[in-house]
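Student: Could you take me closely through one part of this model, the sheet, and say what is paired with what, and with which cut-offs?

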Amino acid sequence: MDVPGLRGGCEDEVMTEPRQEKGQIALPAPGARVVVRYLISTGQATDALGELLSVDEHTVVVKGVRGVERIPLENIVAAKPVPPRPNPPRRSAQS
C-alpha cells in the first residue's frame with residue numbers, strides 16, 4: 001500500500017517487500033506486523049510495534065502492546081514490516 005508523504009528509513013536498508021521510494025514508503029496490507037517510528041510532542045522518537053490495522057492519507061493505525069495507536073502521517077519518521085513475534089520458549093516438565 002503506497003502512502004504519499006510517508007518518509008522511509010535508511011536508504012541502505014534492505015527491504016524485499018514492500019518497496020521504498022523517495023518521499024514515501026509502501027506498507028504491507030493491513031494484518032501484517034510492522035514497526036513505525038514517529039515523533040512525539042517532545043520531539044523525541046518512539047516506536048509502535050504490532051499489527052497494522054489501517055492506513056489512510058492522514059493516519060497509520062497499529063495495534064500493539066500499548067493498545068491501538070493512531071499515528072499522524074506527518075509524525076512518522078520510518079516504517080517497515082517485521083517478522084512475526086517469536087513464540088515463547090516452552091517449559092520442560094520437571095519430575
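Tutor: The chain has eight strands and zero helices, where helices (H or I, at least four residues) and strands (E, at least two) are DSSP runs numbered from the N terminus. Read from that end, the elements run β-β-β-β-β-β-β-β. The model is a predicted one, in which local features need pLDDT of at least 70 and side-chain atom pairs count only at pLDDT 80 or more, while totals for chains, interfaces and linings use all residues. Residues are numbered from 1 along each chain as its sequence is written, and side-chain values use heavy atoms, with hydrogens and water left out.

The part to look at is an open sheet of five strands in the order β7-β6-β5-β4-β8, with antiparallel pairing; two strands count as paired if DSSP finds at least two bridges between them. At its edges stand β7 (67-72) and β8 (76-81), each of which pairs on one side only. From one strand to the next the twist averages 40°, taken between axes that are lines fitted to C-alpha atoms, with angles running from 0 to 180 degrees between N-to-C directions.

Strand β4 (residues 33-39) pairs with β8 in the antiparallel sense over five bridges, and here Tyr 38 stands opposite Ile 76 in β8. Strands β4 and β5 also run antiparallel and are joined by seven bridges, with Glu 51 in β5 as the bridge partner of Arg 33. These two strands form a hairpin with five residues between them, and Gly 43 in the turn has a positive phi of about 90°. The next pair, β5 and β6, is again antiparallel, over five bridges, with Leu 52 opposite Val 62 in β6, and the hairpin that joins β5 to β6 passes through three residues.

Several of these residues return in the largest nonpolar core, which has 13 residues, and those with the most contacts inside it are Leu 27, Val 36, Leu 52, Val 60, Val 62, Ile 71 and Ile 76. Such a core is a set of buried Ala, Val, Leu, Ile, Met, Phe, Trp, Tyr and Cys residues joined through side-chain atoms within 4.5 Å, and buried means under 20% relative accessible area, against over 50% for exposed and partly exposed in between (1.4 Å probe, protein chains only). Strands β4, β5 (45-55), β6 (59-64) and β8 each supply at least two residues of this core. In soluble globular proteins, nonpolar side chains tend to be buried together. Of the 95 residues of the chain, 28% count as buried.

If a salt bridge is a side-chain nitrogen of Lys or Arg within 4 Å of a carboxyl oxygen of Asp or Glu, the count comes to two. In one of them Arg 37 meets Asp 47, with the closest N and O atoms 2.7 Å apart; Arg 37 lies in strand β4 and Asp 47 in strand β5, so this pair ties together parts that are 10 residues apart in sequence. Both partners are partly exposed, Arg 37 at 41% relative accessibility and Asp 47 at 28%. Arg 66 and Glu 69 also meet in a salt bridge, at 3.3 Å from N to O, and Glu 69 is buried, with a relative accessible area of 11%.
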